[in-house]
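Here is a short briefing on one protein chain. Read it with the structure open.

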Amino acid sequence: MNVANLQLEGLLMAVASINQVLVRKGVLTVEEIDIALRKAEASETSEERSEGMSASSRDAVNFPIRLLELANQCQPEADMPSFSKLARMVGRMKEPYNDQM
């Protein structure tokens, strides 16, 4: 596996863990994190941003956002699912784009 991919896995799991701490400490709510992630995904799937992108490229851009959304939904559980389990969940929840290329 590419080392950069492993680094991204670690980074995503670190952000997910930080989000859990922010919720536990009352700094943010699960809903606030969810809204922020949905806004990020919406901006990445906007026509302007995704114009000329293949569906697989859009999936690649949105994968980390979707993984963090799923990790956020696991709160307030003490144990977060592993990266591989979250990644499989992202694959199962993926919705087709309206303008498949």
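Gly10 counts as partly exposed, at 39% relative accessibility. Gly10 lies in helix H1. Its C-alpha atom is separated by 8.5 Å from that of Phe83, a residue 73 places away along the chain. The model is predicted.

**Overall make-up**

- The protein chain holds five helices and zero strands.
- From the N terminus on, the order of elements is α-α-α-α-α.
- The chain has 101 residues, and 30% of them count as buried.
- Take the contacts between residues at least 6 apart in sequence: 64% of these join residues at least 24 apart.

**The largest nonpolar core**

- The largest nonpolar core has 13 residues.
- Leu12, Leu37, Leu67, Leu68 and Leu86 touch the most other members of this core.
- Two or more core residues come from each of helix H1 (3-24), helix H2 (30-44), helix H4 (55-73) and helix H5 (83-93).
- H4 gives the most to this core, with five residues.
- Leu86 touches Met13, Leu67, Leu70, Ala71, Met80 and Pro81, leaving aside residues up to four places away in sequence.

- H4 has 19 residues.
- From first C-alpha to last, H4 reaches 25 Å, close to the 27 Å expected at 1.5 Å a residue.
- Where does H4 bend? The bend is at Asn62 and amounts to about 45°.
- A proline, Pro64, follows within four residues of that bend.
- Asn62 is itself one of the buried residues of H4.
- What covers the buried residues of H4 includes H1, H2, helix H3 (47-50) and H5.

**How H4 packs on H5**

- H4 and H5 pack at an angle of about 110°.
- Their axes are 9 Å apart.
- That angle makes H4 roughly perpendicular to H5.
- On the H4 side, the residues that meet H5 are Phe63, Arg66, Leu67, Glu69, Leu70 and Ala71.
- On the H5 side, the residues that meet H4 are Phe83, Leu86, Ala87, Met89, Val90 and Met93.

**Ala87, on the H5 side**

- Ala87 is found in helix H5.
- Is Ala87 buried or partly exposed? Ala87 is partly exposed, because its relative accessible area is 21% and buried means under 20%.
- Ala87 touches Phe63 and Leu67, not counting residues up to four places away in sequence.
- The C-alpha atoms of Ala87 and Arg66 are separated by 8.9 Å. These two residues are 21 apart along the chain.

**Asn19, in H1**

- Asn19 is found in helix H1.
- Asn19 is buried, with a relative accessible area of 12%.
- Which residues does Asn19 touch, not counting residues up to four places away in sequence? They are Ile33 and Gln75.

Note on methods. Residues are numbered from 1 along each chain as its sequence is written. This is a predicted model: local features need pLDDT of at least 70, side-chain atom pairs count only at pLDDT 80 or more; totals for chains, interfaces and linings use all residues. Side-chain values use heavy atoms; hydrogens and water are left out. A nonpolar core is a set of buried Ala, Val, Leu, Ile, Met, Phe, Trp, Tyr and Cys residues joined through side-chain atoms within 4.5 Å. Buried means under 20% relative accessible area, exposed over 50%, partly exposed in between (1.4 Å probe, protein chains only). Contact means heavy atoms within 4.5 Å. The expected span of a helix is 1.5 Å times one less than its number of residues. The bend at a residue is the angle between axes fitted to the seven residues ending there and the seven starting there. Axes are lines fitted to C-alpha atoms, for helices over the stretch in contact, and angles run from 0 to 180 degrees between N-to-C directions. Angles under 35 degrees count as roughly parallel, over 145 as roughly antiparallel, 65 to 115 as roughly perpendicular and the rest as oblique.
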